[in-house]
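Me: I'm new to this one, so please walk me through it.

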Amino acid sequence: MTSINTILTNLAAFIVAIGVLVTVHEYGHFIVGKLFNVKVLKFSIGFGRSIYSYQSKIGDKTEFRLSLIPLGGYVQFLDGRNGEIEPKEDGRAFNQQSLLVKIAILFAGPMFNFIFAILAYFIVFSNGIPTMKPIIGEVVENSYAYSAGIKYGDEIISIDDKKIEDWETAVTSLLKTLVDKKDFDLGIKRDDSYEKVLTFSIKEETSYLTEPGSLFSGLGFYPWQPPPVISEIVYDSPADKSNLMKGDRIVSVNSINTRSIQEIINIISERPSQKISLEYIRNGVLMSEDITLDQGNENSNRGFLGVAFLRDYENYWYINRLDLSDSLNKSISQTWSTAGFTVTMLFKMISGDVSTKNISGPFSIAKYAGISVNAGFNQFLKFLALISISLGVINLFPIPMLDGGQIIQFVFESLKGSPLSPRIEQLSQQFGIMAIMLLMSIAFYNDLFS
């Protein structure tokens, strides 16, 4: 079970993330509207009942409010479609603006999300981030990787014609290739000198391979991770009272095969004061033992075994720090490529070529927000950048009620020379509500049942 502390961390990280990104998005609408002298009535973070509000005493006397439901926000402009406009406010209503001004105001929200992502990536790349070399770990027999000739310790140096320097780039490139439904060539380096190109021929539908968490299991290989070899045993701990020794390599906990140290830590930490069954290898011999865990301390509700693991990261990780110019260039290219990939994934989901399980709901977003917070400031910034790009892209989709849908509506009205009929506008709004509800339903279903 997930601990209360983890739930609270995830919730707090989610609220901060959504609050920041919605504020950035709505501020784009707000500041560009102000630039064109459109009157702003309300600036709200969240929907529903106001839990805090402040009314500016100067200028337009805009009401700034924090609302109860933290899943979005809005900027309310003066608009003649919602009531009479006083003579002194003539020309300041949103509906009185030219087509280009309306488009600029609507596009500003997504654009500010993209700008935020560029700035977040810039800080991350300038600070330097721990980067994992794309070195292969476990290879599963009778898999695509096994058939292609991949071996433990191979380093990926290219995917088709794209140079690969880290696992993040490798994963993105693999997903892009699979989304396009084509076979690919994997360039690898073996034993620091021998280079070879291996061909992956994907025969089955790629929908499964693009499901969250299915890429490596589907292809049949995993990133290298330090093997869970015990290096130290804490005195008078459950491990010390058992037959475990330094040099033992744990291979399973409670019949769950473990490939990494983190998997073992996660399983153990969720079972305070419980009995677990360990399988481990000593001198090539598979052994097993039942051990009752302790609770870390009276203020902790985490299982405690009492071992430390040998962590050999030196040859597999490095700090990737770029100068300011390279950081800016990479930030822009990263934002652009991520936005393009997001669009491709969304269209492929609509066509059925990519699994809709990739649509994350608030629970999944909260979970990854909490994980990124625990991983450090740079990782949280990368998470914010990714969600900000997704928010910007989704808002540009041609769905009524979203920025993209409203832009299309105003372009159509401009070409038509008159507003949409009330009947057409009502039908478009109903379609927009249905589309958004469908998207939210899929997201919540994925959160609860995937």
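**Strands, helices and their neighbours**

Me: Which residue in strand 14 does Tyr 280 stand opposite?
Reply: Tyr 280 stands opposite Met 287 in strand 14. Strands here are DSSP runs of E with at least two residues, helices are runs of H or I with at least four, and both are numbered from the N terminus.

Me: What should I know about the model itself?
Reply: It is a predicted model, where local features need pLDDT of at least 70 and side-chain atom pairs count only at pLDDT 80 or more, while totals for chains, interfaces and linings use all residues. Residues are numbered from 1 along each chain as its sequence is written, and side-chain values use heavy atoms, leaving out hydrogens and water.

Me: OK, back to the strands. How many bridges link strand 13 and strand 14?
Reply: There are 8, in the antiparallel sense; two strands pair if DSSP finds at least two bridges between them. Strand 13 and strand 14 form a hairpin with 2 residues between them, and Asn 283 in the turn has a positive phi of about 55 degrees.

Me: What order do the strands take in that sheet?
Reply: It is an open sheet of 4 strands in the order 12-11-13-14, with antiparallel pairing. Strand 12 and strand 14 stand at the edges with a single partner strand each, so one side of each has no neighbour in the sheet.

Me: And which residue of strand 13 is opposite Arg 249?
Reply: That's Ile 281. Strand 11 and strand 13 pair in the antiparallel sense over 4 bridges.

Me: Which residues of strand 13 are on its covered face?
Reply: Ile 276, Leu 278, Tyr 280 and Arg 282 are on the covered face, and Lys 275, Ser 277, Glu 279 and Ile 281 on the uncovered one. In a regular strand, side chains alternate between the two faces of the sheet.

Me: Which residues of helix 6 are buried?
Reply: Ile 261, Ile 264, Ile 267, Ile 268 and Ser 269. Buried means under 20% relative accessible area, exposed means over 50%, and partly exposed is in between, using a 1.4 Å probe and protein chains only. These buried residues pack against several strands, including strand 11, strand 12 and strand 13, with contact meaning heavy atoms within 4.5 Å.

Me: New topic: how do helix 1 and helix 8 cross?
Reply: Their axes come within 7 Å and cross at roughly 100 degrees. That makes helix 1 roughly perpendicular to helix 8. Axes are lines fitted to C-alpha atoms, for helices over the stretch in contact, with angles from 0 to 180 degrees between N-to-C directions. Under 35 degrees counts as roughly parallel, over 145 as roughly antiparallel, 65 to 115 as roughly perpendicular, and the rest as oblique.

Me: What comes after helix 8?
Reply: Gly 376 follows helix 8, and its phi is positive, near 120 degrees.

Me: Last one: is Ser 173 buried or exposed?
Reply: Ser 173 is buried, at 6% relative accessible area. Ser 173 lies in helix 4 (residues 167-179). Leaving aside residues up to four places away in sequence, Ser 173 touches Ile 159, Lys 162 and Ile 164.

Me: What does the side chain of Ser 173 reach?
Reply: The backbone oxygen of Thr 169, at 2.9 Å.

Note on methods. Polar contact = N/O pair within 3.5 Å; in protein donor to acceptor, adjacent residues only side chain to side chain.
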